[in-house]
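User: I want to check the labels against their cut-offs. Can you take me through them?

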Amino acid sequence: MAAPRVTMEVGNDGVAIITLINPPVNALAIPIVAGLKDKFEEATSRDDVKAIVLTGNGGRFSGGFDINVFQKVHGAGDVSLMPDVSVELVVNLIEDCKKPIVAAVEGLALGGGLELAMGCHARIAAPKTQLGLPELTLGVIPGFGGTQRLPRLVGLSKAIEMMLLSKSITSEEGWKLGLIDAVVTSEELLKVSRLWALDIAARRKPWIRSLHRTDKLGSLSEAREVLKLARLQAKKTAPNMPQHQACLDVIEEGIVHGGYSGVLKEAKVFKELVMLDTSRGLVHVFFAQRATSKVPNVTDIGLKPRGVRKVAVIGGGLMGSGIATAHILNNIYVVLKEVNSEYLLKGIKTIEANVRGLVTRGKLTQDKANNALKMLKGVLDYSEFKDVDMVIEAVIESVPLKQKIFSELEKACPPHCILATNTSTIDLNIVGEKTSSQDRIIGAHFFSPAHVMPLLEIVRTERTSAQVILDLMTVGKIIKKVPVVVGNCTGFAVNRAFFPYSQSARLLVSLGVDVFRIDSAIRSFGLPIGPFQLLDLAGYGVAAATSKEFDKAFPDRSFQSPLVDLLLKSGRNGKANGKGLYTYEKGSKPKPDPSVLPIIEECRRLSNIMPGGKPISVTEKEIVEMILFPVVNESCRVLEEGIVVRASDLDVASVLGMSFPSYRGGIVFWADAVGANYVYTSLKKWSQLYGNFFKPSRFLEERATKGIPLSAPVSSSSTSRARL
């Protein structure tokens with residue numbers, strides 16, 4: 001690939017066309033920034049240049065600043081690696097240029113790309129160009145003047161919405177708001193931009209410096225009111241993320257003290273934010289998610305994915321209907337099989353409701369919904385299976401039933417058909433034991449609700465072929481999931497690593513800690529709900545069944561709490577029957593149910609593990625650590641056994657599958673930030689006080705004592721060879 005560069009061509013009309021070239025999205029890498037400074041200086045000093053047009057190569061303006069630079073800054077701990085773009089380039093060379101500059105925008109102008117365009121004196125865009133400032137998703141704020149120019153071009157409220165929600169708009173909407181001066185066809189884009197630039201030079205069109213505008217900001221008191229409301233909203237929706245409040249502070253600085261003052265504060269605050277743990281965590285997750293698409297001996301051996309056009313889903317329950325929905329929404333034909341017409345009708349109705357729900361929420365047009373539902377067919381036998389490319393079995397967790405289905409599938413489906421199961425705990429070798437097609441058997445573990453949750457855990461056995469893994473990874477991307485390839489064991493990667501999560505919460509209850517305080521501490525840490533509200537949501541039957549699997553697989557480190565059995569005996573089943581640890585009333589948030597307290601007391605009496613019969617005293621921080629450090633401990637075993645390709649895969653899976661806060665970087669990244677030695681010594685102390693459940697794993701002990709990060713690669717001599 002050619003090196004990133006900036007070119008300049010001067011036409012007979014006296015217009016210099018400056019072009020960004022850095023495929024695929026013309027990211028503003030360090031050489032591009034340097035090239036822009038050179039070309040703008042040259043164009044400004046040349047007598048034959050009357051006006052300038054800035055554009056991007058290959059039908060795209062720019063996707064923004066090169067995020068690889070963030071990684072380098074975090075790795076070196078040196079913020080001086082960030083170039084000065086905001087003042088040196090955007091203010092001095094572009095906005096204050098003595099010659100008019102027009103941005104010719106096409107495809108996308110995001111982040112630093114849009115900020116460059118806003119520094120120009122006019123913006124002409126092709127239809128359906130994507131415009132936005134998504135920097136807050138990486139823990140920082142716009143750093144090239146975006147916090148100052150966007151409010152001046154589109155108005156304060158809209159600018160806050162676009163920045164704080166990282167919400168992009170189209171060029172058509174941008175034109176209505178005043179961000180774009182004209183929308184023209186791609187073919188006309190450069191021609192119109194050149195003429196526009198010459199018109200500004202001849203004073204036929206206004207020469208506007210965005211930073212100097214105030215007409216859309218409203219009065220100071222109005223602006224302060226808008227900012228106050230935005231601050232309250234951000235406190236609710238992003239309580240642990242400093243970039244939201246910082247963005248609002250910087251916007252306010254510019255409104256009160258002027259745009260240039262705002263630009264200077266923005267540059268200072270940007271450099272502070274980029275060094276915080278929040279940015280480190282979010283940037284790590286960004287790159288970790290990209291890395292999941294590289295699987296050794298699968299994606300690097302020259303295989304091409306085969307097309308999957310028709311998929312059969314067996315079982316129309318909650319998971320099956322969600323899986324079917326995900327496929328039809330992305331133009332993959334689905335055959336849904338059930339055991340009788342009553343269940344089949346129920347499954348189809350659920351799929352229709354899923355699709356309708358997306359229309360109601362504005363995520364899908366009615367046309368697309370109608371087309372999606374045409375891709376679905378319900379059946380009661382295998383006659384439609386003769387030409388399917390993949391089958392996903394999503395029935396109850398019963399070994400004999402799954403084995404029977406897979407034996408039948410082997411006979412009913414073509415020899416190339418992928419045979420996938422959505423089991424969340426059962427060993428895949430047992431599922432496919434009665435077939436001779438072991439190379440086609442694979443786990444497609446979706447998370448509920450399957451058409452919404454972004455993670456797809458792809459579970460391989462020692463015998464699954466590389467072609468089948470690659471095909472399922474490709475389908476995963478088509479249906480807009482993030483596929484993470486994992487090894488085969490009880491619970492696979494995510495459920496295995498997180499099985500201690502609910503157990504440690506129940507252990508704390510048996511030690512005398514209040515149920516609702518535990519949930520509150522975990523929510524404050526950043527998970528959307530705590531372990532007990534999650535228990536209510538999943539239902540106690542599911543919790544009892546999965547606990548049994550993990551108790552059987554890992555008896556040396558399981559804590560068996562009587563709590564779930566006691567709740568079931570009292571006629572409770574969580575949200576499903578409206579009676580759980582919380583009360584559920586339509587239209588209001590779940591509220592703690594005080595009538596469960598006698599059941600909790602009985603649980604403590606039966607467990608009988610409170611030291612000296614008295615509740616232990618713990619801080620909020622200790623609650624979080626006593627619940628999450630055992631998860632880190634089990635994650636260490638997952639890493640040592642080679643269940644995942646790399647530690648960052650487990651980070652992505654924890655964020656997308658378990659809603660671990662992305663700004664903490666995922667479970668392993670967070671543990672490394674806290675320090676492996678601190679995790680190890682804490683667990684060792686608790687294991688001496690409260691038993692083997694907390695006993696540190698060999699891997700954690702070794703890494704902690706040698707000072708090696710948990711995320712460092714596992715040596716090839718470990719068992720990872722056998723797993724992956």
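Analyst: A salt bridge is a side-chain nitrogen of Lys or Arg within 4 Å of a carboxyl oxygen of Asp or Glu. This is a predicted model, where local features need pLDDT of at least 70 and side-chain atom pairs count only at pLDDT 80 or more, while totals for chains, interfaces and linings use all residues. Residues are numbered from 1 along each chain as its sequence is written, and side-chain values use heavy atoms, without hydrogens and water.

User: What makes Glu 601 and Arg 604 a salt bridge?

Analyst: Their closest N and O atoms are 3.0 Å apart. The limit is 4 Å, so the pair qualifies. Both residues lie in helix α24 (residues 597–607), three residues apart. Helices here are DSSP runs of H or I, at least four residues, numbered from the N terminus.

User: Why is Arg 604 called buried?

Analyst: Its relative accessible area is 11%. Buried means under 20%, exposed over 50%, partly exposed in between (1.4 Å probe, protein chains only). Arg 604 is therefore buried, whereas Glu 601, at 46%, is partly exposed.

User: Which labels do Lys 621 and Glu 625 get?

Analyst: Lys 621 is exposed, at 51%. Glu 625 is buried, at 8%. The two form a salt bridge, with the closest N and O atoms 3.0 Å apart.

User: Why are α25 and α28 called roughly perpendicular?

Analyst: Their axes cross at roughly 100° and come within 10 Å. Angles of 65 to 115 degrees count as roughly perpendicular, under 35 as roughly parallel, over 145 as roughly antiparallel and the rest as oblique. So α25 and α28 are roughly perpendicular to each other.

Definitions and conventions:
Axes fitted to C-alpha atoms, helices over the stretch in contact; angles between N-to-C directions. Helix = DSSP H or I, 4+ residues; strand = E, 2+ residues; numbered from the N terminus.
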